[in-house]
Amino acid sequence: MPLPVAEVQRALADERLDGWLLYDFQGSNPIAARLSGLAAGKKMTTRRWYYLIPARGEPRGLVHAIERHNLDGLPGDKQPYAGRDRLEDGLRGLLKGMKRVAMEYSPGNNIPYISRVDAGTIESVRDLGVEVVSSGDLVQRFEALWSAEALTSHRSASDALYRVKDQAFTMVRDRLAAGVPTTEFDVQRAMMDWMDAEGLTAADTPNVSAQENAGNPHYHPSREVHRPIRPGEVLLLDLWGKLRHPGAVFADITWVGFTGRTVPEEYARAFAAARDGRDAAIDLVQSAARSGRELRGFEVDRACRTVVERAGYGAEFIHRTGHSLGETVHGNGVHLDDYETHDDRRLIPGTGFTIEPGVYTSRFGVRTEINMFMDERDAYVTGPCQTEIVPLG
């Protein structure tokens with residue numbers, strides 16, 4: 001079982017919870033499917049199933065009679081049900097003695113990444129006199145923590161990404177100097193080759209955005225859609241990847257260049273706002289980690305966003321400050337967000353995340369993105385921080 005019961009029970013004691021109730025119906029809760037191990041299997045899961053890990057005692061499950069063997073790989077007793085009346089009775093028996101349980105639920109859907117259990121199921125549990133709280137911090141502890149080997153893999157991936165970034169800027173600088181026509185797609189293809197040579201993998205292609213395209217945070221050049229890179233333009237590179245071995249975690253960085261010798265004040269000022277917001281977020285995370293103060297994702301977003309807003313670019317900063325990193329580039333831990341969502345999950349030791357404020361207009365865009373890792377007593381950036389736009393002339 002992916003979830004070690006003894007460790008889960010220690011976590012439940014820490015959170016003062018009576019249990020963690022996993023529930024899924026036809027893949028509606030991918031978190032429960034992953035944590036139970038069912039996501040990796042080939043079993044049919046067409047009916048509702050429940051699996052309770054209590055703070056004390058043996059786990060127990062409730063599963064439909066025609067799929068009664070689906071939870072056989074998990075410890076504890078499993079009771080079958082068939083009709084609706086048997087389901088209601090079974091759920092009552094499953095939750096006997098429980099007063100407060102965690103589920104994949106977020107009050108007000110503040111964190112949609114966690115809010116996977118439908119309202120009716122939450123009501124059915126509450127109707128039995130059981131309080132339901134969010135499992136968000138529990139999920140972090142069992143899906144977002146990096147091992148020592150994962151941290152090493154992240155550092156290797158990060159170092160490789162910085163080399164690829166440097167190669168891309170050198171390519172653009174040299175080709176512009178030689179008068180060789182160069183497109184966003186040309187640079188993207190070259191970066192993909194360099195990343196492959198570095199042993200990196202990613203599901204998506206890197207982002208190479210010139211001038212107005214840099215004002216679209218999710219722009220991606222393709223063979224069909226791209227533009228030339230011309231002198232006197234902003235050039236934004238956003239690249240991410242991880243090593244190819246199992247358990248490796250991602251690195252994800254963004255740097256900005258200017259295809260000329262002197263960066264115009266308009267671009268420099270916008271980048272400075274993003275940089276200063278980033279640094280305020282870094283300072284807050286580090287001070288909290290070093291003092292042992294509890295810190296939540298929305299607080300880091302507020303610290304960063306306040307700086308950007310004071311610089312006059314609040315309306316142009318149109319996404320969260322950062323996201324969790326893991327075996328997928330957007331991991332299952334806390335995001336640094338009080339803008340798109342209100343992420344009140346805690347930043348916990350053993351997790352990694354990005355900090356990536358940006359300023360976007362219809363004419364250009366800038367962003368700076370770095371990665372951080374929290375350990376037991378400190379937090380640190382895992383690669384260089386860009387301080388100014390890089391001249392490429």
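**Group meeting: a sheet and a helix pair**

Okay, so let's begin with the sheet: there are 6 strands in it, it's open, the order runs S4-S3-S2-S1-S5-S6, and the pairing is mixed. Keep in mind that this is a predicted model. At the edges you have strand S4, residues 77-81, and strand S6, residues 131-134, each pairing on one side only. Going from one strand to the next, the twist averages 25°.

Now have a look at strand S1, residues 19-24, and strand S2, residues 49-54. Those two run antiparallel, with 6 bridges joining them. If you want one to click on, Tyr-23 has Tyr-50 in S2 as its bridge partner.

Next, what packs on this sheet? Helix H3, residues 84-94, does, and it touches S1, S2, strand S3 (60-64) and S4. The direction of H3 makes about 170° with that of S3. Helix H4, residues 119-126, packs on the sheet too, touching S1, S2, strand S5 (100-103) and S6. Here the angle is about 165°, taken between the directions of H4 and S5.

Right, on to the helix pair. That's H6, residues 148-177, and H7, residues 184-197; their axes come within 10 Å and cross at roughly 145°. And the handedness of that crossing? It's right-handed.

So which residues meet there? From H6 you get Leu-161, Val-164, Gln-167, Ala-168, Met-171, Val-172 and Arg-175, and from H7 they meet Asp-186, Val-187, Ala-190, Met-191, Trp-194 and Met-195. Sort the H6 and H7 contact by class and you've got 10 nonpolar residues, 1 polar and 2 charged.

Technical notes
Residues are numbered from 1 along each chain as its sequence is written. This is a predicted model: local features need pLDDT of at least 70, side-chain atom pairs count only at pLDDT 80 or more; totals for chains, interfaces and linings use all residues. Side-chain values use heavy atoms; hydrogens and water are left out. Axes are lines fitted to C-alpha atoms, for helices over the stretch in contact, and angles run from 0 to 180 degrees between N-to-C directions. Helices (H or I, at least four residues) and strands (E, at least two) are DSSP runs, numbered from the N terminus. A crossing is left-handed if the near helix is turned anticlockwise from the far one by less than a right angle, and right-handed if clockwise. Contact means heavy atoms within 4.5 Å. Ala, Val, Leu, Ile, Met, Phe, Trp, Tyr, Cys and Pro count as nonpolar, Asp, Glu, Lys and Arg as charged, and the others, Gly among them, as polar. Two strands pair if DSSP finds at least two bridges between them.
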